[in-house]
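Please load the model in your viewer and keep the sequence panel open beside it. The tour below moves from one selection to the next and says what is found at each stop.

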2 protein chains.
Amino acid sequence: MSLFEIAPVFHLLESALLAKLAHLAGFPSPGPDESPPNLPPGMFCPGGSVALLYSLQLARHRLQPDLVRFGASGQPLSVFVSKSGHYGAGKAAAMLGIGTDAVVEVATAHDGSMDPNALRDAMATAVAEGRTPLAVIATAGTTVTCAFDPLNEVADACVEHGAWFHIDGCYGASALFSTDHRHRLAGSHRADSMVWNLHKMMGVTQQCTALLLREPERLDSCFSSGAEYLFQPDKQFGEWDSGDRTYQCGRRVDALKLWLTWKARGDDGFAARIDHAVAMADFARMVIGTSDGAFVPVVDTGFTNVVFLWVPPELRPLDLEYLFSEWSEGRSGAVWDRLHRLAPRIKARMQAEGTALIGYQPIHGVNTFRVLFMNPAVGPDDVDAVLGHIARYGAEEWADLD
Amino acid sequence: MSLFEIAPVFHLLESALLAKLAHLAGFPSPGPDESPPNLPPGMFCPGGSVALLYSLQLARHRLQPDLVRFGASGQPLSVFVSKSGHYGAGKAAAMLGIGTDAVVEVATAHDGSMDPNALRDAMATAVAEGRTPLAVIATAGTTVTCAFDPLNEVADACVEHGAWFHIDGCYGASALFSTDHRHRLAGSHRADSMVWNLHKMMGVTQQCTALLLREPERLDSCFSSGAEYLFQPDKQFGEWDSGDRTYQCGRRVDALKLWLTWKARGDDGFAARIDHAVAMADFARMVIGTSDGAFVPVVDTGFTNVVFLWVPPELRPLDLEYLFSEWSEGRSGAVWDRLHRLAPRIKARMQAEGTALIGYQPIHGVNTFRVLFMNPAVGPDDVDAVLGHIARYGAEEWADLD
């Protein structure tokens, strides 16, 4: 992808896919039944972090139109993202020369979704301190609990402050395929940009990242270089060239595999994939909820992520509220420390024996397992098997822990 | 690619490839016969423009170690690249918030290679004006003429000013595979970074970009975020994880296809690919040189790019020096204007008839054809055929031009 003449079909195909994805998100778009536009509503990018980089650069360019030529003005900026949002926000701020200190971490509700009152307060504080709210990154599907930020309330706050509204839908935007779950992204149509990794829930191979843009014409003024050995004004079909609208020039044809997958599965097949994943997560939640305290759910957003602890028999019933308050107040007894060191040992056993590969991360200081459901081949037996492994290794390793 | 545990073989394979490429370029590296290091001398990136972005960010981070947290200091910077260098320099400067005005275009010799005296003058001017020389981008294989900048002299200038020495070897670094041609990159071992697109001359599919780094440990301090749900300090094999050393996190496994190609072709096969490409370019130069003025070479660097004009019979013999001086002094006669408009029409005929796809670009204001030799399946008959098409369409279109 760069010049239409060397990849004409792929340019049409990418444009048609972006139009269809934009339509699902409610972005201005010609719609799936019309001809693909020569300026599609976005582009495919090498991953979510790069898509965020482009989005924040577009935001900065909207604020400061002479940015490209003169560089950043030195005006202090703030970028807002929830405490549960992706760490890519800091990385992008560092790369752009804004700095990670400009990233304001907004408090979340218990489930990991952004607290809109905290956002409004944080933006007001920034303004009072002389910093310009550049952008708010709302997360549709956080990495750990898969929480969805309240997009309409974020949009309201962005409108009030003239901030760019970006949605990190890397994981969760695929909920838009499902009638049952697209309500989680209510308000997505108000965003300036949204990134959507089809290589996550939709099972397309790495990399397949769509960046959707409300005003794709901004790409030209922000990224065009006008290299005359490529983008000759006197050649045919130049208006379709994508290479002068991107930071990259030549790109992989990441759209083709999505096109083929979508054609093979259909809209219904894509919806079924989401619905099945949530059904399996619901099954896991049911097993955990009826385990007589052997497992405890830690956070539950009702989507595809199941976050839980295995509890050694001597600690049942486990009072999670008490555990977390102990940790947050800096009091950690030997028992809790052992519990924290248990998950890495369980995981190491799973790896050594080749039975499963399940990630953990500290939540309030205690290593906690997280299972994500995406694979349509996963069934109830797999859920039972994985939880069974965790319980078995857990009992053995707990006895062995000093 | 991100965590060792989800792609262990690919991490080893990427590390081994980077060590071997670094060895060819003369970078510090354990060498191809030793075990792959868990901190490889670089990384694979999604394309040359992104690799340049990383390199300039590393350069800025070396200059200003608190960059990540506090953002750019506002210190005026200059980035030097030759007039024939890639337009990605400006794009990277814009993205980083430095601005395209900070990019100084250094004059070139007639063949398109950077004039080292002009570089020294430009750097001295920048310093005199209070700007810090951040980096010099030397080009090993410019886009149009495939010129190679004098790397040792660039290195000397960088040492003098403490500037980062980056080599854009996207196209030409592959000359390192050939005993006959690696001299073109003499001095590459002195660079701080070099980008090398294996998806260009080596025929690996898009994308396969290696960024080689003299001090890869800089990646950690510049790009690490320490996300605790991924890079747990208490898990196994974490020291091999690559995801916290890159701006991206998850990446495609671009190394695998290079590994397979290299295993299949061998070092000798890679060298033969380069030597064949130059042999075919030499053949084209011979045909052009013996065409009785039907074709004239415009610039010749003796490598894989052949840049030439087809000359209508009434203009033979064509005095190129006169043509270029007329253009550069703003005097353009109707004949030269017709010549400028001829190449797009020849190309459109080739496209319409499906005979060839050859790019052109203005050189001193006249559209000029450029043929790059890379494909090992191209032989002398193909060269004759393409030049024959150009001559035939040229004669027909010239008669038709108003």
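Begin by selecting A:F295, which is found in strand β8 of chain A; helices (H or I, at least four residues) and strands (E, at least two) are DSSP runs, numbered from the N terminus. This is a predicted model, in which local features need pLDDT of at least 70 and side-chain atom pairs count only at pLDDT 80 or more, while totals for chains, interfaces and linings use all residues. Residues are numbered from 1 along each chain as its sequence is written, chains are lettered from A and ligands numbered from 1 in the order in which they are written, and side-chain values use heavy atoms, with hydrogens and water left out.

**Around A:F295**

Is A:F295 buried or exposed? At 8% relative accessibility A:F295 counts as buried, where buried means under 20% relative accessible area, exposed over 50% and partly exposed in between (1.4 Å probe, protein chains only). Display the residues that A:F295 touches, not counting those up to four places away in sequence: they are A:I288, A:F308, A:L309, A:W310, A:L387, A:I390 and A:A391, contact being heavy atoms within 4.5 Å. With A:F308, the C-alpha to C-alpha distance is 6.6 Å, although A:F295 and A:F308 are 13 residues apart in sequence.

Now widen the selection to the whole of β8(A), residues 295-299, of which four of the five residues are buried. β8(A) pairs in the antiparallel sense with β9(A), residues 305-310, over four bridges, two strands being paired if DSSP finds at least two bridges between them. One place to check this is A:V299, whose bridge partner in β9(A) is A:V307. Five residues lie between the strands of this hairpin, and there A:G302 takes a positive phi near 75°.

**The seven-stranded sheet**

Next, select the open sheet of chain A, in which seven strands with mixed pairing follow the order β1-β7-β6-β5-β4-β2-β3. β1 (42-45) and β3 (103-106) of chain A stand at the edges with a single partner strand each, so one side of each is left without a neighbour in the sheet. Neighbouring strands of this sheet are turned by 20° against each other on average, direction ignored; axes are lines fitted to C-alpha atoms, for helices over the stretch in contact, and angles run from 0 to 180 degrees between N-to-C directions.

Which way do the side chains of β2(A) point? A:L77, A:V79 and A:V81 point one way and A:S78, A:F80 and A:S82 the other way, and all are buried. Because six of the six residues of β2(A) are buried, the strand is largely enclosed by the rest of the structure. Centre the view on A:V79, which stands opposite A:A135 in β4(A) and also opposite A:V103 in β3(A). The pairing is parallel with both strands, over five bridges to β4(A) and over four to β3(A). Further along, β4(A) (residues 132-139) and β5(A) (residues 164-168) pair in the parallel sense over five bridges, and A:T139 stands opposite A:D168 in β5(A).

**A covered helix**

Select helix α4 (residues 88-95) of chain A, where eight of the eight residues are buried; among them are A:K91 and A:M95. After α4(A) comes A:G97, whose phi is positive, near 85°.

**Aromatic rings and charges**

Show the rings of A:F177, A:W196, A:W262 and A:F270, which ring pairs link into a cluster; rings of Phe, Tyr and Trp (its six-membered ring) pair if their centres lie within 6.5 Å, and planes under 30 degrees apart count as stacked, over 60 as edge-to-face and the rest as tilted. Over all chains there are 22 aromatic pairs. One of them, A:W262 with A:F270, is stacked at 5.3 Å centre to centre with 15° between the planes. A:W262 is buried at 6% relative accessibility, and A:F270 is buried at 1%.

In chain B, the charged end of B:K20 sits over the ring of B:W262, 4.6 Å from its centre, the criterion being NZ of Lys or CZ of Arg within 6 Å of the ring centre and within 35 degrees of the ring normal.

**The interface**

Finally, colour by chain: 64 residues of chain A are in contact with 64 residues of chain B. The area buried between chain A and chain B is about 5,200 Å², of which carbon and sulfur atoms give 50%; buried area is the accessible area (1.4 Å probe) that two parts lose on being put together, summed over both. A:M95, A:Y229 and A:Y247 supply 17% of the area that chain A buries against chain B, more than any other three residues.
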